[in-house]
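Q: I would like to learn how to read the features of a protein model from its coordinates. Could you take me through them one by one, giving the general idea and then the case at hand?

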Amino acid sequence: MDGHGTTQPGNGTTPAAGAAGAPRRPLLCRVVPTVVAAGLTVTGIAGVAHGTEEGTPRAAADTFPTWGTRWVVHTAADTGSPAVGMLNTSGPGRDRITVDYQVDTGHRVCEGDACSTYMAHLTGPVNGFVTVVAVAIPQDRLPGIPVQGGPPPQPGRSRQEMLARAATWLTAAHGAQVPYSQSEVWQDGYRQDCSGYVSMALGLPTPGTNTVGLATDRGLTRPIALGALQGGDLLIDATGDSDHRHVVIFEKWNDAAHTSYTAFEQRGGRGTDHRSLTYGLPGGDTEFKPYRPVVFGD
């Protein structure tokens with residue numbers, strides 16, 4: 001998929017039509033100063049920006065308005081990389097994006113008369129990359145935003161991408177969660193059960209591995225201590241038959257005492273969910289064991 005969700009490229013670089021239900025981006029629109037425009041803010045970045053070396057000064061994160069509808073946000077500075085979300089799904093220009101750097105990909109993306117080879121790295125409302133064509137500015141690159149090379153993988157980045165991908169199924173069915181099924185696959189090719197959902201979040205091959213595979217394949221996960229759980233780790237019950245096995249994606253502890261946590265899961269009778277759980281904790285279902293995806297590298 002190219003950088004936009006409503007059009008198909010005619011020659012690999014230029015979408016064949018404008019954004020559905022929205023005018024083309026005006027070429028002569030005024031650049032909105034992000035420091036003084038109503039509702040726009042300048043904030044600091046927590047941690048080192050992706051693609052910068054440790055110890056270098058952190059860039060400010062500027063917030064920009066968007067235009068059109070259904071702009072795809074990607075996992076990497078590559079319009080062929082998997083989608084982690086979408087902008088302006090409820091109407092033209094409804095979202096504002098917070099950007100800390102941009103990358104010159106060398107791949108030209110156009111919408112109407114507006115074109116750019118740059119992709120912006122977003123820290124909000126979703127973490128990922130979107131073509132600069134989605135931003136309501138007349139330039140082909142964002143003013144005042146550092147240009148960097150493609151960011152190398154860093155500890156924590158894959159966790160953020162995984163959680164962002166997991167969140168997409170909460171609204172993927174026309175604003176509703178993806179329904180549960182052990183036999184059907186969703187539009188992205190992944191099975192609609194718990195292990196298919198986790199496989200999607202990890203970016204494993206479609207239609208996804210099963211729960212036993214997630215627990216036993218050391219090329220995918222390794223056991224960890226319960227107290228070591230971090231965002232993107234898994235809690236797995238691999239015992240019993242397919243109607244009793246289950247896997248959830250740990251997001252965060254709910255309190256310092258670790259009495260519960262927030263997790264993403266795909267569950268029967270509900271579909272995709274994001275809720276507080278106690279699986280694997282004292283007093284909870286002790287069949288659940290903690291595992292860490294090896295892709296995180298720690």
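Q: What percentage of the residues of the protein chain count as buried?

A: A residue is called buried under 20% relative accessible area, exposed over 50%, and partly exposed in between, with a 1.4 Å probe and the protein chains only. Of the 298 residues of this chain, 47% count as buried. This is a predicted model, in which local features need pLDDT of at least 70 and side-chain atom pairs count only at pLDDT 80 or more, while totals for chains, interfaces and linings use all residues. Residues are numbered from 1 along each chain as its sequence is written, and side-chain values use heavy atoms, with hydrogens and water left out.

Q: How many helices and strands does the protein chain have?

A: Helices (H or I, at least four residues) and strands (E, at least two) are DSSP runs, numbered from the N terminus. By that reading the protein chain has 3 helices and 14 strands. A contact means heavy atoms within 4.5 Å, and among the contacts in the chain with a separation of 6 or more, 55% are between residues 24 or more positions apart.

Q: Which residues of H2 are buried?

A: As a general idea, an α-helix has 3.6 residues a turn, so residues three or four places apart point the same way. In helix H2, 9 of the 9 residues are buried, so the helix is largely enclosed by the rest of the structure. The buried residues are Cys 194, Ser 195, Gly 196, Tyr 197, Val 198, Ser 199, Met 200, Ala 201 and Leu 202. After H2 comes Gly 203, with a positive phi near 75°.

Q: Which residues does Thr 211 touch?

A: Thr 211 is found in helix H3, residues 211-216, and is buried, with a relative accessible area of 4%. Leaving out residues up to four places away in sequence, Thr 211 touches Cys 194, Ser 195, Ile 236, Asp 237, Ala 238, Arg 245, His 246 and Val 247.

Q: How do I read strand pairing, and over how many bridges do S11 and S12 pair?

A: Two strands pair if DSSP finds at least two bridges between them. In a regular strand the side chains alternate between the two faces of the sheet. Strand S11 (residues 246-253) pairs with S12 in the antiparallel sense over 4 bridges, and Phe 250 has Ala 263 of S12 as its bridge partner. S12 is also joined to strand S13 (residues 271-277) by 7 bridges, again antiparallel, with Arg 267 partnered by Gly 271 of S13. S12 and S13 form a hairpin with 3 residues between them, and Gly 269 in the turn has a positive phi of about 80°. Strand S12 (residues 261-267) has 6 of its 7 residues buried, so it is largely enclosed by the rest of the structure.

Q: Which strands pair with S14?

A: Strand S9 (residues 221-223) pairs with S14 in the antiparallel sense over 3 bridges, with Pro 293 as the bridge partner of Thr 221. Strand S10 (residues 234-237) is likewise antiparallel to S14, over 3 bridges, and there Ile 236 is partnered by Lys 289. S14 (residues 289-293) is itself mostly covered, with 4 of its 5 residues buried.

Q: Where is Arg 70 found, and is it buried or partly exposed?

A: Arg 70 is found in the loop between strand S2 (60-65) and S3, and at 36% relative accessibility it counts as partly exposed. Arg 70 has a positive phi of about 60° although it is not a glycine.

Q: How is a pocket read, and which residues lie nearest the centre of the largest pocket?

A: Rolling a probe the size of a water molecule over the atoms shows where empty space is left. On a 1 Å grid over the protein atoms alone, a pocket is an open set of points where a 1.4 Å probe fits, with protein on both sides within 12 Å along at least five of seven lines, and lining residues have an atom within 4 Å of a point. The largest pocket is lined by 37 residues, of which Ala 83, Val 84, Gly 85, Met 86 and Thr 168 lie nearest its centre. Helix H1 supplies the largest share of that lining, 6 residues.
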